[in-house]
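Hello,

Here is the structure for you to look over. My notes on helix packing and the nonpolar cores follow below.

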Amino acid sequence: MVNTQVTLCGVTLDNPVIPASGTFGFGQEFAQLYDINCLGSFSFKGTTLHPRFGNPTPRIAECPAGMLNAVGLQNPGVDHVLAEELPALQKIFHKPVMANVSGFSVDEYVQVVEKLDAVEQIGWFEVNISCPNVHGGGMSFGTCPDAAAEVTKAVRAVTKKPVILKLSPNVTDIAAIAKACEDAGADGISLINTLLGMRMNLRTRKPLLANVTGGYSGPSVFPVAVRMVYQVYDAVKIPIVGMGGVSSAEDVLEMMLAGATAVEVGAANLVDPWASKKIVEALPQVMEQYGIESLSEIIGAGHR
């Protein structure tokens, strides 16, 4: 009997599969399709201090082996999440959940975390300093080690729960930024967020997305994600949550060999709503196929 359990920042998960923020909402829609308690956890919709309508449309574009999105952190704001979404979530999901938070200033990150901190079900804060689709915040904090450290230190000071920084691949040296976050008190690192991309509309001869650029995700970014997880594993001693193009149990194992403790599934959920469930169900058989008795034993094994 194989063991799929892993421990992420002191919290034990039944398996390492975590649907990524922005692809799973607050769980309600997916709970109508299957029992989402089969998941290790999930990262709920990126939450900001104030409600956001997001970017104008069109804000989704299909690409070969992936997609572009420029949704722009559309969400109802932290007060609504506290009053409506999280009480409803407690009725359908009975495990610790990951709170994905965003901001447009260091103070906004701090305020969102302070408001959510009292929610017992929140097991980790995933602090998104890597969104490429908003202006004046998001990725601007994640492309400079000093700015990433500033957000990390400020959030770390207002919660005792694990703080995981979600990093952008749109940088020259992601390992340096991860190390800056670790030095500032981060308990873990999530990577990668989407790659910056764009499409042109041949009929209008203008950018297809109203935001001009968007975040590219899907199977084609997987090799980039594995490479960055591998590099960051060598740079830090804190756990890594790997993501980027993951769509199978084999992908999960590959991410873990590169150094991930847990693995998020993003765009695959938008293609197939049952994708995360199928990966969870396939894991034991794929582990047996490759002679893996316990997932914890392969974390970073590709480095040894």
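**Helix pairs and cores**

Helix 2 (residues 78-92) packs with helix 3 (residues 106-116) at an angle of about 25°, and their axes are 10 Å apart. Helices here are DSSP runs of H or I, at least four residues, numbered from the N terminus. Axes are lines fitted to C-alpha atoms over the stretch in contact, with angles from 0 to 180 degrees between N-to-C directions. Helix 2 and helix 3 are therefore roughly parallel (an angle under 35 degrees).

Val78, Asp79, Leu82 and Leu86 in helix 2 meet Val112, Lys115 and Leu116 in helix 3 (contact means heavy atoms within 4.5 Å).

This is a predicted model: local features need pLDDT of at least 70, side-chain atom pairs count only at pLDDT 80 or more, and totals for chains, interfaces and linings use all residues. Residues are numbered from 1 along each chain as its sequence is written, and side-chain values use heavy atoms, leaving out hydrogens and water.

Helix 5 (residues 145-156) and helix 6 (residues 174-183) pack at about 30°, with axes 8 Å apart. They too are therefore roughly parallel to each other. Pro145, Ala148, Ala149 and Thr152 in helix 5 meet Ala176, Ile177, Ala180 and Cys181 in helix 6.

The largest nonpolar core has 87 residues. Such a core is a set of buried (under 20% relative accessible area, 1.4 Å probe, protein chains only) Ala, Val, Leu, Ile, Met, Phe, Trp, Tyr and Cys residues joined through side-chain atoms within 4.5 Å. Leu116 is among those with the most contacts inside it.

Best wishes

How values were computed: Helix = DSSP H or I, 4+ residues; strand = E, 2+ residues; numbered from the N terminus. Parallel < 35°, antiparallel > 145°, perpendicular 65-115°, else oblique. Buried < 20%, exposed > 50% of the residue type's maximum accessible area, 1.4 Å probe, protein only.
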